[in-house]
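Reader: Please take me through this model term by term. I want each label set against its cut-off.

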Amino acid sequence: MPTEAGAHEMMNNMENCVSPGRVSGSMDDIYVNCYEINPGCWQVCLHDSDEDSCVNSVAYEDDDHSSVDSVDDMLSPGEVESEHGELMSPVEILPTALSPRKRERSGYLYKQGGVQRNRGWQKRWVIFDGKTLRYFSSAKDQVSKRIVPLSCMKNVEIDVRAGQTTSARILSGEIFESHIRKSLVNGKKPSNARQYKFRLQCTNRTFLFATDNLDDCKMWSSTLMESILANDRAPDKNKGNNVVEKGGEMANPDIEGWMKINRNRYKFYVALKEHRLCYYQSKDDFNMASPLHEIQMGLSSVKEIDRTRLQLNTHYGHFSLHFETSSEASNWKMAIEEAITDALGDNTILDQVIENPVNKKCADCGMEGAHWASMNLGLVLCMHCAGIHRGFDYRLSKVRSLRMDTKVWNSSLIEMFKVIGNENGNQFWLHNLPPGAGITSVSTIDQRKQFIHEKYKDKKYCNLHHLAGDKQKLNEELLATSITDDILLTYQVLLSGAEVLYSSPDQPNYTAYDRAKDAHQRIQMEFLLQNGGDRTRNFVAGSNEEAALNARLRAEVQKQGFLMKTGSNKKDFLKRHCVLEHGHLSYYVSEASKVEKDRIDNESILCVQSIPHDKQVGCFEISTNKENNRVYLFAASSDEERLGWMQSIAQVCCPVKLMDSMRTKSFSLAGYTHLKTALNVDWQRTWFVLEGRKLLFVDEGEPERSVDVIDLRRVTSITKITQGIDSCKTCLETGFQFLMKVRQETERMLYFQADLVRDTGRMFGELEHAVKYGGDTIEDQVLTVEEIPVIVETCVTFIAQFGMKVEGIYRKADQESKINNLLQKFREDARSVVLRLDEVTVYMVSNTLKRFFRMLREPVFTSDLYKRWCQTANETDHNTKLQWYKYLLQQLPRINYLTIKYFVIHLYKVSLSDKENAMTIANLATVTSSMMVSDSVTDPTNPPRFPHLQIQVMTDIITYHEWLFELDNKEEKDPDGIARKRLEALMKNNRTTDDILVPIQYLSNMGKIEMVKSTLVISKSAGIRKNIKITRVRDIRFGVLKEKITKDTTADTVVRILRQTLNLKEGSWALHEIVKDQLERFLPDKTKLWPQVHQWQTWVDDYTSSARLCLCPASQLKQKLQQAYDPRRTLVAELYYAPATSSKKILQKSHSKVMVEFKQAVLSYSKNASKVECSWNIENLVIYNGCDPKKKPPKEWEHCFSFYVNDGHKMAEKDLFGHTVFFTSEKEKLMWMAALLNSQSPLGAGC
């Protein structure tokens, strides 16, 4: 072996190394050329005749995961065998010219495992950081299987065998040639398995590793050997002395011992020192400082699983620690907590407690730096004494850390420790202590145990109260002292043996804690609470364990600080120190005050709401049921601070399962209310949260969902109910409720009523604003079921009906004030806006829609994508451009995407009538681009940045909208398209190709109807049938009169013409629609006839052929409805209902009894479930007197009306005509019909 000086000289001359010789010949006939680098060190390289260079190392992917209980066994020194069974001669190596400058390396290696060498080779991820070598099951694993320190590494040997592949070995030439010659003579050909091996020799064992190629083997060997030599030359190393201190860096641990880890059957030796915990396979491994794994305490936490098990949690896994005894587990838990605390270094609570200087030393042994505490005794302890206290029953001493258990420390508890302190506490506990009988910081563990047991358990030295011998009087003394501010007297009385839950016979269940609470004695309350004084928070006989657990969870919510608060007059704000602890909110005149001004218990809190105020920012109200239902008004210094207080207050009064979620909710209103999900279900108390435009509440009728979430943008209506519905009997005050109708999968009806009328009002006000008001972003709009803003759908529908052929639509302006007024109506309540042609113009509506888009704070195409839109518009390749358009559209928020799709399809339909309206795609893109595509809110005084590109974007999207939005068979999905096709088919089947015939009947005052068969002939008989020609869907002609009736002709025009034709000068007449001679409805004067005839073409042929118009005396139906109309009547009743079901079903049983309701322009019905089965907006219904003759009414329920929803494509799928509601009397039926029809159009107007 070369000398150390020679090796050092060799390392300094690495760059002068000579290139290796060449190996030639077959693999069975090998010769070696060796070049001397330095005396005593040889480099030998073998090359395959077909290779000129060595293969780089290979990276592996291994999904294996190690566990803590898996331990690799090591090879003992001197017993290393080759893979062929023969013993190998150890050959030493030194670093060569290939040695790296950086002494670190990582990668996959193969490691020989098993004490008996029977576990084979196992792939391991190995890391050498210059100080330790660690190996893991895989690169993803973070639990090491062994840590080998550099201090115990002694040597590295390479074992490389010749075989059928490239191999090399660093050894003396004679040994190498001898081994090859011996193998060839014996006829053995070496195996290919694990050819490139090296052995790492340590103080008490040897590790055998293997690589896949020569370079990797040499690099690992050289890196390790160089580090070993450098470590031997370290200046602090004792020359000639290789003895390493037992345990290495873990020598003299804070605590050590044997325990089981996870599910292993055998025990590990575990040591904890400062911020590090290591576990070893044996005590010898500890002495050699070679642990299996180490855990950093600063990233860990510990909790007690049971009396003999702890769980140590890290960011990468959990370790279950099993002990023989509970005291051993307690000591380890305290030591681990101590290490974690030291690593984290949080002294916030400790610094406050030691403001009383006597708390700096341990109350038992006097050790400096004590930072543990007995919560119920008010004493500060050192770690050693606290460990003994942990062995006591928790009712005697409850130990917590002052540096780590920060959640349990509230301001009152800290103040209690400062008031009592170690000195006052020991005046009670050590009053009779003989001189020299105590313990010191250097006392042994046995001495500590004996003294602490005598002090607390036996009460050998304490100053007992003079009434200690009379338990009854002592208990009465506790009740008396609890309402005073003498906490030390209460301390003496209680710890002398008084019962903390005692109550006098004349006031049962009124304990000392309750008395202190009513007396606003903050410190007394805290001391009694820590000693189990609150019956609701302790698992004692007769208590509710669940309520006790909930109270403990709420007690963990703590907050304190200064808030501004008004008195009961809510005028002047005064600064108050507020403390939220133990589930109640207290406020004090100052931070130093011991007696609270008032307290708000969590049981009395009904709701909390943020409110605006003209004098203060950050105001919020707490509504309670205490002291005449008092409302408390507070003000924080900012909105952020207000939200923090509101979140904490909500946590202490909300359901326990929602406590965690409440700390993250940005809400404006939260509290309790009563909820009913249908008319026939009971009221239930529920917790609700209003967060933006989302309403969250707990619906006990939906057990699969812990919290129900309502998107208030899709709520169809919200209205107050002052009569007609039974109010909640359990509310504190009787009053109104309100109904909210929600359209989700099906429409739901939700009834709300809070305990107090004022809280019902505040909830209704907040929800009504969220339901109706439209904000300044597209996401903040009232939405339809299809997630289109209601303002967009309403305006587009109106323009599609009346403005598609109006010249200059979307280009011509209208009166500014009218546009602003209409836009303001949409913002205040978009669903209530009804556009009537006699009230608004097409130009007014189109300009309102344009202004809506322009006034959005964020453009619909979004400003952050503006440059991308413009770049795409400037793209020259057509296919690339369209692909980018499609991609950018898909990047938009969902509501933006759907709105653009809806509006662009509408613009395209407008362009189809460009001959009439002069609005081509280019014109439409020009007038809409600035409001849709922009980089910010458009300022009318500032021109857009790239106007020509914005126009190009809109032009392209309108032109190629079918491909961009993936529209297939668009016309087939369009109800207008379906109706148009049906009408065209009917026209082809008529006698003339240009006309279809629409029958009109005449009902005389005598009630007779006479049908005249001859076409286009007027008869002067009592009844007349008159045929009307509808030419090419554009005009209507009256027989021989040849009077042209356009698509805009209304019913009163037809009535006037018929009266002139039939010479009907007297009486009032109206036009009716008759279907199947059983279904009838009158048409108001302003009803346009063309849409009615158009609708017939969407029906089943049987109904289309039977549809007629009839001129009738107005008194027949209209006057009856006018007389039956009663606006004061609430329409809720249990009625029979028959759906528009298929005739294939048994018609006699198609009807069922349901709860029918008409409210807020919505007709709905529900069964015995909690949800509304179906509902319809009144504006979508077409209502008839009577029913389909195929439907047979229930017995004694022959009075009925029918209706269908005005979407013809659905009517065509039904074999029965519409939905039917049955009544027992004509009067009741007319009353319902009158209310429904009057909601559509006033019965006395224009008929």
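**Sheet, exposure, rings**

Author: Seven strands form an open, antiparallel sheet, in the order 6-5-4-3-9-8-7. Strands here are DSSP runs of E with at least two residues, helices are runs of H or I with at least four, and both are numbered from the N terminus. This is a predicted model: local features need pLDDT of at least 70, side-chain atom pairs count only at pLDDT 80 or more, and totals for chains, interfaces and linings use all residues. Residues are numbered from 1 along each chain as its sequence is written, and side-chain values use heavy atoms, with hydrogens and water left out.

Reader: What makes strand 6 and strand 7 edges?

Author: Strand 6 (146-149) and strand 7 (153-160) each have a single partner strand, so one side of each has no neighbour in the sheet. Neighbouring strands of this sheet are turned by 35° against each other on average, direction ignored.

Reader: How do you know that strand 8 and strand 9 pair?

Author: Pairing takes at least two DSSP bridges between two strands. Strand 8 (residues 196-202) and strand 9 (residues 206-211) are joined by six, and run antiparallel. One of the bridges links Lys-197 to Ala-210 in strand 9.

Reader: What packs on the sheet, and at what angle to strand 7?

Author: Helix 3 (residues 214-232) does, touching strand 3 (105-112), strand 4 (121-128), strand 5 (132-136), strand 7, strand 8 and strand 9. The direction of helix 3 makes about 160° with that of strand 7. Axes are lines fitted to C-alpha atoms, for helices over the stretch in contact, and angles run from 0 to 180 degrees between N-to-C directions.

Reader: Why is Glu-157 called buried?

Author: Buried means under 20% relative accessible area, exposed over 50%, partly exposed in between (1.4 Å probe, protein chains only). Glu-157 has 3%, so it counts as buried. Glu-157 is found in strand 7.

Reader: What makes the link between Glu-157 and Gln-201 a polar contact?

Author: The two side chains come to 3.0 Å. A polar contact is a pair of N or O atoms within 3.5 Å; within protein, one must be able to donate a hydrogen and the other to accept it, and residues adjacent in sequence count only if both atoms are side-chain atoms.

Reader: Why is Arg-758 partly exposed, but Lys-1195 exposed?

Author: Arg-758 has 29% relative accessibility, so it falls in the middle class. Lys-1195 has 74%, so it counts as exposed. Arg-758 is in helix 17 (residues 757-772). Lys-1195 is in the loop between strand 45 (1181-1185) and strand 46 (1199-1205).

Reader: What does Arg-758 contact beyond its neighbours within four places in sequence?

Author: Ser-623, Thr-624, Asn-629, Arg-630 and Val-631. Contact means heavy atoms within 4.5 Å.

Reader: Why is the pair of Tyr-269 and Phe-286 called tilted?

Author: Rings of Phe, Tyr and Trp (its six-membered ring) pair if their centres lie within 6.5 Å; planes under 30 degrees apart count as stacked, over 60 as edge-to-face and the rest as tilted. Tyr-269 and Phe-286 have centres 5.3 Å apart and planes at 55°, so the pair is tilted. Tyr-269 is buried at 4%, and Phe-286 at 5%.

Reader: How do you know that Lys-720 sits over a ring?

Author: The test needs NZ of Lys or CZ of Arg within 6 Å of the ring centre and within 35 degrees of the ring normal. Lys-720 lies over the face of Phe-736, at 4.9 Å from the ring centre.
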